[in-house]
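Here is a short report on a structure and its sheets, helices and chain contacts. Please look at the sequence and the model first.

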2 protein chains.
Amino acid sequence: MSRTVRAEIVGVGTELLLGQIANTNARWMGERLSAIGVDVLHHQVVGDNLGRIVEALRLSLSRADVVLVTGGLGPTEDDITRDAVAELLEVPMARHDEIERFLRDRFAGFGRGEMPANNLRQADVPRGARFIMPEIGSAPGLIADLPDGGRLYAMPGVPAEMVEMMERVILPELEDLVGGAVVRSRTIRCVGIGESRVAEILADLFATSMNPSLAYLASDGEVKVRITAKAATVDDAEAMIAPLASDVADRLGDVVFTRDDESLEQAVIRSLRTSGLTLACAESLTGGGASARLTSVPGASTVFVGAAVVYTAAAKRDILGVSDATIAGPGVVSRECALEMAAGARRVFGTDLAISLTGAAGPEPHDGAVPGTTWVALEGEHVAHARGYVAPGSRERVRRWAEQSALDLVRRHLAGIAFPGSDRPI
Amino acid sequence: MSRTVRAEIVGVGTELLLGQIANTNARWMGERLSAIGVDVLHHQVVGDNLGRIVEALRLSLSRADVVLVTGGLGPTEDDITRDAVAELLEVPMARHDEIERFLRDRFAGFGRGEMPANNLRQADVPRGARFIMPEIGSAPGLIADLPDGGRLYAMPGVPAEMVEMMERVILPELEDLVGGAVVRSRTIRCVGIGESRVAEILADLFATSMNPSLAYLASDGEVKVRITAKAATVDDAEAMIAPLASDVADRLGDVVFTRDDESLEQAVIRSLRTSGLTLACAESLTGGGASARLTSVPGASTVFVGAAVVYTAAAKRDILGVSDATIAGPGVVSRECALEMAAGARRVFGTDLAISLTGAAGPEPHDGAVPGTTWVALEGEHVAHARGYVAPGSRERVRRWAEQSALDLVRRHLAGIAFPGSDRPI
């Protein structure tokens, strides 16, 4: 049997409040805690201020079974998480010889002379609390059991040191506490559809699914649907997810490019490898972005041959053979230019398929086209298809959408799915 | 005179608690709020649960003057920040025709048929609250003044949409609220030096500078030094910053590529425009990443002509003229190959300068080179220079470092600065 364990994550550090660093520790911990079936209901971040740290810990312990604190365990004066825990427990600090020896040995190993007296602060532990000897870095962690049954873990803020203590000590303890339950999730990703349309298609499933549950996440040019189940075993959780995942994927249809949380570039490289076909790119608008994404996938070199980034009209003509008539007529942001660029890249690189991307990224119009105007094309032995639309948003977003659209042409062609129409014919 | 304004940032979204994404919005907002003199004392993250969102907002408003909420303003059922604000204010929801028209126009522009009814939720505003029409995306923001004088801003969770509303509406309002005091900062950015070396060079300045203050921030392949001053006027703050900025930049020397927080690609494009020279790239290792970065700069097309992404040995030979002897001998990860690639790109694109990037990104060795092995080269009429080293870390990091190194060759050449030696000769 499993029991419900509610956890809260508290990040300590003024550098987090000032935005000098992002709280990536909370992200990592949230992911790992969810995976073992611990419910994370709140994160907090508080600065290096004793009163506010104590207040944050009290609040956390009032609503969670387990509180995980990161940061403030270093050797300097602004590292005061130890003091906050002692104040919370209303106990004095006790110096531990075992930690002191470890600190002295470790410092001697650096060959930097006498250890600063400050460092000994790390040998102090609130009376009654346990400590975790570090295997990376020098800051011991703390484990305190509160009189009312809550538990507090304090870890260093350095990500590698936090991860080491979580994996070696804390996650195993919490798994015991949860007793057996596991959480598994599967992510279905779609391209060429909006989040609101996805929500409409899945509205009844969303409303009725508690375990497994559904969640949506939209990011530039794609929508993710995550299905999460909590069960006694991995097999049980997977068995609960499978029928819902099938239902979701079937309803969404051909906009789904993965049922297994791949990126679009991973899905495209995988499909190319399966089909044994090679690909090249011709990029203007995106300046190499589509190629950079494809080559970010390990093993891309077996199917991706190369790209011509042709940022000027002359480069489009000289390198890819775009005709003077096209350049002078419909212009470089046009169906004709996209098709000639794709054909040129396929010829130059000698590939089975080639895609092209041209357009006006903004903020200024380009060759008569308003910012956001995009043309992408695919060419192969039996296929020549172009798609145009006007994308909203920033230069960065227009480029990202173009990459999604062009990669989607490859995916659809390889899977034998119909191409979508123009988002907005131009 | 300025007044103290305490702010709190509340992130709404179960995806943040589950660790599916990091709370980078809080980092960005914390940085910008600090920069205008607003004190950020807490961050909170809460899931898509009405009761807990309301409770989190109440807590924030009990201890801060201004609460900034991100997330939960989308069109789906789990977007409930609007409802939480209405509950907090104890007012009903009112539908706004202006927002409804905007949503219908925007959806019609996509050419995806009828707008889902769900989307109209975004036209609902708690009675008495103001709204912020979005310039990116479709989710309006909210501004609510509480009876006791507190103020709440709610923004979409999509970073670009949040940033747009913060910069256009919210930060200016908060600057007014803070009144006279201004905080200004200047960021000096360096490439080709480590953070600990920077800290060593600036140690005495760091220890003695309170206002203006110094902070370091290291990210892949560069180190930023930020100098921040708080004063009655912008001119006063700038006058406080100027001598310290000069001292810092002089001490760091030729690794500084900007004193004004430009990206390296912006600095390179600016220098090319100033010198009237054109550039092309030949990319293997980075697969188009260097070109994508250069073309992310508006106006790059006046100096950047194009790139050849040559991911196979045959493409290097056929498109850029890398010799069979080089391919068979030292191989495609070599000084010779980098120099021939740069020469080839310069010839093919007819540019004044060309850079090349080749190497083994990992995780597997490539053509006999261990993962991380990198060669970058620059060729021009009077220059042919190659640099090789072995970079540590992931595929992504190796590629990023290579881009930094190659762009730095252009920067140094244009500024007449000596090229650095190999980081680690190979």
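This is a predicted model: local features need pLDDT of at least 70, side-chain atom pairs count only at pLDDT 80 or more; totals for chains, interfaces and linings use all residues.

Within chain A, strand 13 (residues 279-283) and strand 15 (residues 353-359) run parallel, joined by five bridges. Here Cys281(A) stands opposite Ile355(A) of strand 15.

## The contact between chains

In total, 69 residues of chain B are in contact with 68 residues of chain A. On the chain B side, helix 2 (residues 24-35) gives the largest share, eight residues. That side divides into 33 nonpolar, 27 polar and nine charged residues.

Strand 2 (residues 39-46) of chain A also pairs with strand 2 (residues 39-46) of chain B. The two run antiparallel, and five bridges join them. Val46(A) has His42(B) as its bridge partner.

## A four-stranded sheet in chain A

Chain A holds an open sheet of four strands in the order 10-11-9-12, with antiparallel pairing. Strand 10 (213-219) and strand 12 (256-258) of chain A are its edge strands, each pairing on one side only. Neighbouring strands are turned by 30° against each other on average, direction ignored.

Seven bridges link strand 10 of chain A to strand 11 (residues 222-231) of chain A in the antiparallel sense. Tyr216(A) stands opposite Val225(A) of strand 11. Helix 9 (residues 234-252) of chain A packs on this sheet and touches strand 9 (182-191), strand 11 and strand 12 of chain A. The direction of helix 9 makes about 15° with that of strand 9.

## Helix 15 of chain A

Helix 15 (residues 395-415) of chain A has 21 residues. From its first C-alpha to its last, helix 15 reaches 30 Å, close to the 30 Å expected at 1.5 Å a residue. Is the helix largely enclosed or largely open? Of its 21 residues, 16 are buried, so helix 15 of chain A is largely enclosed by the rest of the structure. Just after this helix, Gly416(A) takes a positive phi of about 70°.

Notes
Residues are numbered from 1 along each chain as its sequence is written. Chains are lettered from A and ligands numbered from 1 in the order in which they are written. Two strands pair if DSSP finds at least two bridges between them. Axes are lines fitted to C-alpha atoms, for helices over the stretch in contact, and angles run from 0 to 180 degrees between N-to-C directions. Two residues are in contact if their C-beta atoms, placed from the backbone, lie within 7 Å. Ala, Val, Leu, Ile, Met, Phe, Trp, Tyr, Cys and Pro count as nonpolar, Asp, Glu, Lys and Arg as charged, and the others, Gly among them, as polar. The expected span of a helix is 1.5 Å times one less than its number of residues. A residue is buried if 20 or more other C-beta atoms lie within 10 Å of its own, exposed if 12 or fewer, and partly exposed in between; C-beta atoms are placed from the backbone.
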